[in-house]
Structures are given as structure tokens and as C-alpha cells.
Amino acid sequence: MPRVRKDPSEIRSPEGVEKKVLLAAPRGYCAGVDRAVITVEKALEHYGSPVYVRKEIVHNRHVVDTLSAQGAIFVDETDEVPEGERVVFSAHGVSPAVHSEAAERNLATIDATCPLVTKVHKEAVRFARDGYTIILVGHAGHEEVEGTMGEAPEAIVLVQNPEEARTVEIPETGKLVWISQTTLSVDETMQTVDILKERFPALTSPPSDDICYATQNRQVAVKKLAPGADLVLVVGSANSSNSVRLVEVALEHGAKAAHRVDFAREVDEEWFHDVATVGVTSGASVPESLVQDLLKLLADYGFTTVEEVKTAEEDLMFSLPRELRSDLKKAGLKTSNKKDGADRDHELR
């Protein structure tokens with residue numbers, strides 16, 4: 001049964017202060033997520049159901065549930081896909097072993113790996129080929145980390161945080177380089193790297209930053225609004241690394257309280273007691289419709305003024321995966337990841 005919410009009159013409000021929302025911009029979908037979700041949608045439209053997807057296409061419950069209702073079948077491993085069927089690899093990337101398994105099962109594959117993750121994979125391959133020991137800063141068990149480590153398992157050492165950086169043992173080598181998972185906290189990653197550099201002066205950095213532009217932009221926006229917020233609400237799923245990081249960033253930069261929710265219905269109105277300003281943002285795999293649902297709930301509790309806190313403009317767009325583009329082109333269909341000539345909001349209702 002739906003929960004019975006407290007009446008707004010039961011919530012203590014600060015006296016003489018206007019209630020308002022500080023709305024982070026940018027927030028929500030990044031280019032890699034947008035591309036991955038559209039890939040599954042267009043695959044379903046073109047090939048029909050079923051289209052199998054290995055792992056969650058992106059880490060968001062609403063997106064996965066919506067695509068499931070449209071005919072996508074999500075599986076944990078490639079061997080769960082019937083031989084000869086079509087499978088989409090998620091935005092987080094897969095290891096070479098997964099590609100080999102798919103080929104052995106004669107699966108038609110569509111690789112929706114975010115190009116920024118592919119960049120990290122290529123770095124791992126190149127550094128391993130050149131004789132480096134690679135320190136991968138990332139979280140054990142995350143699909144992106146598993147995929148990257150699979151590119152050069154003998155050469156990669158995983159370090160998850162500053163504490164591990166202080167104790168990790170590195171094989172004797174004249175060449176040492178670090179790379180990272182794309183969805184980490186920028187500040188914690190650099191803290192980890194600084195510790196590693198103190199212990200291993202020969203440690204070199206990749207040619208360019210591995211943490212994706214969208215992750216960085218969303219963290220910068222939260223850093224800006226957090227000092228003025230009594231409460232920060234982050235829309236995103238528990239297995240979304242970048243969403244979880246946004247809660248941590250908010251608390252580290254001055255927010256009095258911060259919580260992550262998948263949906264507006266998960267908000268506890270008790271959080272609103274004595275709150276004048278609520279900061280709102282969303283992880284990089286969250287459709288804007290879920291943020292709008294939260295804003296409607298906040299308005300019901302008197303937070304009707306919305307001020308946007310903008311720290312960057314994002315206009316990056318990635319083309320659809322090569323395999324899908326080729327099939328759409330052969331069928332005389334549009335290969336753009338735009339809908340009706342306009343950028344998509346992905347309401348996914």
C-alpha cells in the first residue's frame with residue numbers, strides 16, 4: 001500500500017525564511033547513458049523482442065524496469081542468452097573474455113559501452129603492452145572495473161581508496177602508471193593518487209583524466225550548492241557509483257544532510273523539519289522525469305521557489321554503436337540518437 005504522508009502543516013518550518021530549491025545543472029543523463037538507453041530502444045524497435053541485455057544497461061532501476069516492460073530481457077551473464085540471439089553489452093563495458101563467450105555462442109552483439117570507458121580499456125591494453133604495471137583506482141565488483149581488469153589481468157592492481165593506497169604492495173617494476181574508473185569522486189581519487197605518488201615516485205599519470213566529464217560536472221555543481229543547503233537530495237540508484245558519490249560530495253562540502261532516493265515516493269518528509277533550502281541533483285543515469293517528480297513533491301511541502309545552480313553546459317553526443325548503425329542504415333532508417341530532430345529528455349514513463 002502507498003505510504004500515508006504527513007500533512008505539510010505537521011512539518012516544522014523555519015520562521016521568516018522563504019523555502020526554496022537549489023537545482024543543480026548539469027544533472028541527470030550523460031552522453032554515454034543517453035546513447036546506451038537509445039541503443040536498447042532502437043534495437044527493440046528494429047529487431048523486435050526479445051533483445052537481451054547483459055547486466056543493467058545503466059545503473060537505474062526505473063530505466064531497467066521500463067525497458068524490461070518494452071521487451072528487453074536483462075541477464076547477468078552471456079551464457080544465459082540463447083545461442084544465436086542478440087545481446088547488448090551495457091554502458092559499463094565488458095572484458096575480452098565476454099566478447100569471446102558471445103562469439104562462441106554465435107550471438108549477434110551490440111556494444112553500448114560508453115566511449116569514455118572504452119578509452120580506459122584502450123589505455124589498459126596499451127600500458128600493459130608497453131610493460132607497465134597498472135594501478136586501477138576503482139571499486140571491486142563494479143562492472144566497469146571488471147571489464148577494464150579483464151583487458152590486462154596480469155598487469156593490473158586494483159586500489160579502491162586512500163586506505164588501500166597506503167598498504168598496497170606493487171610488484172618491482174621500472175614502469176608504473178595509474179588509471180581510474182570513470183565514475184569516481186574526483187577529490188577522493190586524487191587523494192588516493194597523491195598517496196600512491198608519495199609511496200611510488202615513479203608513478204606516472206594517463207595522458208588525460210579518466211573520470212568522465214559528466215561525473216566531474218555533477219560533482220562541481222553539488223559542491224557549489226551544498227554550502228547553502230540544509231538538505232541535499234540526490235536522485236539515483238544504490239548501485240550507481242556516481243549517484244552515491246554525489247551524496248558524499250554534498251556532505252563533504254557543507255550540506256547539513258544529504259540522502260539518495262530512487263524515486264520521490266522514497267523521500268521521508270521528516271527530513272523537511274526545520275529545512276529552508278533543499279539542494280536537488282541526479283546521477284548520470286537518471287531520467288529528468290524522476291527529478292521533476294521530486295520537485296512536485298517538494299512543492300507540496302512549500303518548496304515552490306526553484307533556483308538553478310549552473311556550473312557547466314553539456315552538448316556532447318555519442319553516435320550509436322557501429323553494429324546497430326550498420327543495420328539501421330541497411331534498412332534505410334535514421335541512425336541518429338536524436339528523436340524527431342531534437343535532443344531526448346528520456347521521460348521513460
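Modeller: Helix α8 covers residues 213–225, and its 13 residues reach 19 Å from the first C-alpha to the last, close to the 18 Å expected at 1.5 Å a residue. The model is a predicted one. Within α8 the buried residues are Ala214, Thr215, Asn217, Arg218, Gln219, Ala221, Val222 and Leu225. An α-helix has 3.6 residues a turn, so residues three or four places apart point the same way.

Histidine 142 counts as buried because its relative accessibility is 10%, and the cut-off for buried is under 20%. Its side chain reaches the backbone nitrogen of glutamate 144 at 3.0 Å. Apart from neighbours within four places in sequence, histidine 142 is in contact with His59, His92, Gln181, Thr183 and Ser241.

The axes of α1 (residues 31–47) and α11 (residues 322–330) come within 11 Å and cross at roughly 35 degrees, and the crossing is left-handed. On the α1 side the contact is made by Thr39, Lys42, Ala43, His46 and Tyr47, and α11 contributes Glu323, Leu324, Asp327 and Leu328. Of the residues in this contact, four are nonpolar, two polar and three charged.

How values were computed: Residues numbered from 1 in each chain as written. Predicted model: local features only at pLDDT ≥ 70, side-chain atom pairs only at ≥ 80, totals over all residues. Heavy atoms only, no water. Helix = DSSP H or I, 4+ residues; strand = E, 2+ residues; numbered from the N terminus. Expected span 1.5 Å × (residues − 1). Buried < 20%, exposed > 50% of the residue type's maximum accessible area, 1.4 Å probe, protein only. Polar contact = N/O pair within 3.5 Å; in protein donor to acceptor, adjacent residues only side chain to side chain. Contact = heavy atoms within 4.5 Å. Axes fitted to C-alpha atoms, helices over the stretch in contact; angles between N-to-C directions. Left-handed = near helix turned anticlockwise from the far one by under 90°. Nonpolar A, V, L, I, M, F, W, Y, C, P; charged D, E, K, R; others polar.
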